[in-house]
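Me: I have a protein model open and want to know what the labels attached to it rest on. Can we go through them one at a time?

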Amino acid sequence: MSRVKSKDGTAIAYERSGNGPALLLVDGALCSRAFGPSSKIARLLARQFTVYAYDRRGRGESGDTPPYSPAREVEDIAALIKAAGGSAVLVGLSSGGALSLEAAASGLAVKNVVAYEPPYVDDGGQDGGAAHQVRLERLLAAGNRGGAVKYFMKDMVGAPAPMVVMMRLMPWIWRKLEAVAHTLPYDAAVMTAFRIPRARFASIGVPVLVMNGGKTDPRLRSAARTIADVVPLGRHGELQGQTHNVKPDVLAPAVVEFFTASQAPVSSRT
């Protein structure tokens with residue numbers, strides 16, 4: 001495990017594996033190197049890339065310096081890209097996909113972006129998405145970490161109530177979720193009230209692949225298609241049989257295929 005220092009002095013922990021072009025994995029809510037899909041995805045992508053899997057600020061072995069701002073997370077990515085040699089491919093899952101797109105829009109040295117199901121589930125502004133961050137912050141201010149996790153899973157993600165109950169009956173998992181519950185408002189802030197920042201994404205000048213699963217929430221499918229249309233060099237892809245919890249062995253080949261195609265001469269592309 002290594003660390004880089006972000007612009008505000010926060011230490012960001014990461015692991016490097018594999019050989020090839022630099023690729024940075026950006027996790028979604030509640031996930032880290034030790035909890036979530038990153039470790040499996042990293043192993044698969046390390047066959048073609050030098051993979052940098054890191055703990056987003058406030059999680060795992062990374063630090064956390066208040067006050068929070070999505071711009072600080074972009075600075076974290078900038079520090080990691082510098083450590084990776086000055087440029088990198090970004091692969092982001094869920095809110096990590098939104099953060100990866102924001103990093104590209106911020107002008108970082110990003111070669112390509114693959115974003116899997118950025119959860120812009122209130123693009124029309126009709127479902128109260130802007131209130132999620134406020135609700136999470138109130139629960140956490142009251143010391144109710146479990147309530148914040150439950151609200152995220154049930155009211156924001158839409159997980160069935162029995163699933164939430166089942167998760168709470170697995171204390172070895174629930175404790176890990178509660179430990180990073182304070183970062184849930186961070187993800188809500190990254191998501192810009194869960195509405196697609198069209199003008200911002202229209203400024204992205206690198207190839208972008210936005211994907212969704214074939215069995216996912218229709219709002220996520222619609223958001224993926226819209227973002228792909230907004231980004232000038234955007235493409236859309238759908239992974240058959242997948243949900244928001246995409247299988248690493250399905251995602252990895254799509255990442256490799258997109259990177260390979262985007263590096264080919266224009267005349268040889270189909």
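Me: Where is Ala 193 found?

Reply: Ala 193 is found in the loop between helix 8 (184-190) and helix 9 (198-201). Helices (H or I, at least four residues) and strands (E, at least two) are DSSP runs, numbered from the N terminus. This is a predicted model, in which local features need pLDDT of at least 70 and side-chain atom pairs count only at pLDDT 80 or more, while totals for chains, interfaces and linings use all residues. Residues are numbered from 1 along each chain as its sequence is written, and side-chain values use heavy atoms, with hydrogens and water left out.

Me: Why is Ala 193 called partly exposed?

Reply: Buried means under 20% relative accessible area, exposed over 50%, and partly exposed in between (1.4 Å probe, protein chains only). Ala 193 has 30%, so it is partly exposed.

Me: Is Phe 194 buried or exposed?

Reply: The relative accessible area of Phe 194 is 8%, so Phe 194 is buried. Phe 194 is found in the loop between helix 8 and helix 9.

Me: What makes the phi of Ala 193 worth a remark?

Reply: Phi of Ala 193 is near 60 degrees, a positive value in a residue other than glycine. Phe 194, not a glycine either, has a positive phi of about 65 degrees. Most residues other than glycine have a negative phi.

Me: Why does Thr 10 count as buried?

Reply: Its relative accessibility is 2%, so Thr 10 counts as buried. Thr 10 is found in the loop between strand 1 (2-5) and strand 2 (11-18).

Me: Which side chain makes a polar contact with the side chain of Thr 10 at 2.8 Å?

Reply: That is the side chain of Asp 8. A polar contact is a pair of N or O atoms within 3.5 Å; within protein, one must be able to donate a hydrogen and the other to accept it, and residues adjacent in sequence count only if both atoms are side-chain atoms. The side chain of Thr 10 also makes a polar contact with the side chain of Thr 65, at 2.6 Å.

Me: What joins strand 3 to strand 5?

Reply: Four bridges join strand 3 (residues 22-26) to strand 5 (residues 88-93), and the two run parallel. Two strands pair if DSSP finds at least two bridges between them. Leu 25 stands opposite Val 91 in strand 5.

Me: In what order do the eight strands form the open sheet?

Reply: The order is 1-2-4-3-5-6-7-8, with mixed pairing. Strand 1 and strand 8 (234-239) stand at the edges, because each has a single partner strand.
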